[in-house]
Amino acid sequence: MEIISVIIFIVGYLAIAFEHPIKINKTASALVTGVLVWVVYALVRGPHDLESLSHHLGSTSEILFFLLGAMTLVELVDAHQGFHFVSRLIKTKNPASMMWIVGLLTFFLSAVLDNLTTAIVMVTLLRKLVSDTATRKYFVGVVVISANAGGAWSAIGDVTTTMLWIGGQISATGIIQSLLLPSLVALLVPLIIASYVLKNQAIGQAAASVALSSTEERDGKIMLFAGAGSLIGVPIFKTLTHLPPYMGILLALGLVWILSELLHSEKDEEAK
């Protein structure tokens, strides 16, 4: 039976790796693989020896609750056009200067928002800031490098570091002390090279930004600072209360949700 479990795992992992050729979503493959492995385990051990299932479900659920809460917070900020104001920080038309601003912004944003979300946000902004496709590819490359470097030194900046932090293998302060300098080096070396390559490139005419009303601008700024502040506060919450990180992210989500309700209290339910 153990061999059958191994075979199921290998086949499932291959299905995940070859998601695009077989045209099956890797999440579906992972779910089926996980359940089938536990089915084999249950058939071997019997229904009375499944306490370990609850144990593993508990530890996995902590990570899922944390990630769902963090992603929902980011979606709340994005729904209120909160990231619209990040693009206003980038005013230069010099490609080398813009490269440094984009790289540094991405580096520090990814430490708070997580690297994948930050990369998506910054690439979306670049489509509005850089119209030349060839030049924009250099910027996107730097964004990917900066997002991964920025996520590496923060407990909430990457799924891997988040899992280690929740599992107690690392601490929020320890990972900053150990990896901030190497992460900066990983950012600065590509930035220096890319800015040198782009010093004579043309950015192109930026696309017109979406006009927001004064109320939308106010709400966007409030949600941006509330969302980022609540995410930063999660490690502090864990240090002060010693509760698991997912409790902190759920508290943050609840507070920002209440703030969102107050901002739209005058609107009808459909508009909310």
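## Exercises on loops and a helix pair

Lys23 lies in the loop that joins α2 (19-22) to α3 (26-45). The model examined in these exercises is predicted.

**Exercise 1.** Carry out the analysis for His242: locate the residue, state its phi and classify its accessibility.

*Solution.* His242 is in the loop between α11 (214-241) and α12 (245-263). Although His242 is not a glycine, its phi is positive, at about 65 degrees. Its relative accessible area is 68%, so His242 is exposed.

**Exercise 2.** Describe how helices α4 and α9 are arranged, and identify the residues that form their contact.

*Solution.* First, the axes of α4 (residues 51-79) and α9 (residues 159-166) come within 10 Å and cross at roughly 130 degrees. Angles of 65 to 115 degrees count as roughly perpendicular and those over 145 as roughly antiparallel; α4 and α9 are therefore oblique to each other. The crossing of α4 and α9 is right-handed. On the α4 side, the contact is made by Glu62, Ile63, Phe66 and Leu67, and on the α9 side by Val159, Thr162, Met163, Trp165 and Ile166. Finally, sorting the contact residues by class gives 7 nonpolar, 1 polar and 1 charged.

Note on methods
Residues are numbered from 1 along each chain as its sequence is written. This is a predicted model: local features need pLDDT of at least 70, side-chain atom pairs count only at pLDDT 80 or more; totals for chains, interfaces and linings use all residues. Side-chain values use heavy atoms; hydrogens and water are left out. Axes are lines fitted to C-alpha atoms, for helices over the stretch in contact, and angles run from 0 to 180 degrees between N-to-C directions. Helices (H or I, at least four residues) and strands (E, at least two) are DSSP runs, numbered from the N terminus. Angles under 35 degrees count as roughly parallel, over 145 as roughly antiparallel, 65 to 115 as roughly perpendicular and the rest as oblique. A crossing is left-handed if the near helix is turned anticlockwise from the far one by less than a right angle, and right-handed if clockwise. Contact means heavy atoms within 4.5 Å. Ala, Val, Leu, Ile, Met, Phe, Trp, Tyr, Cys and Pro count as nonpolar, Asp, Glu, Lys and Arg as charged, and the others, Gly among them, as polar. Buried means under 20% relative accessible area, exposed over 50%, partly exposed in between (1.4 Å probe, protein chains only).
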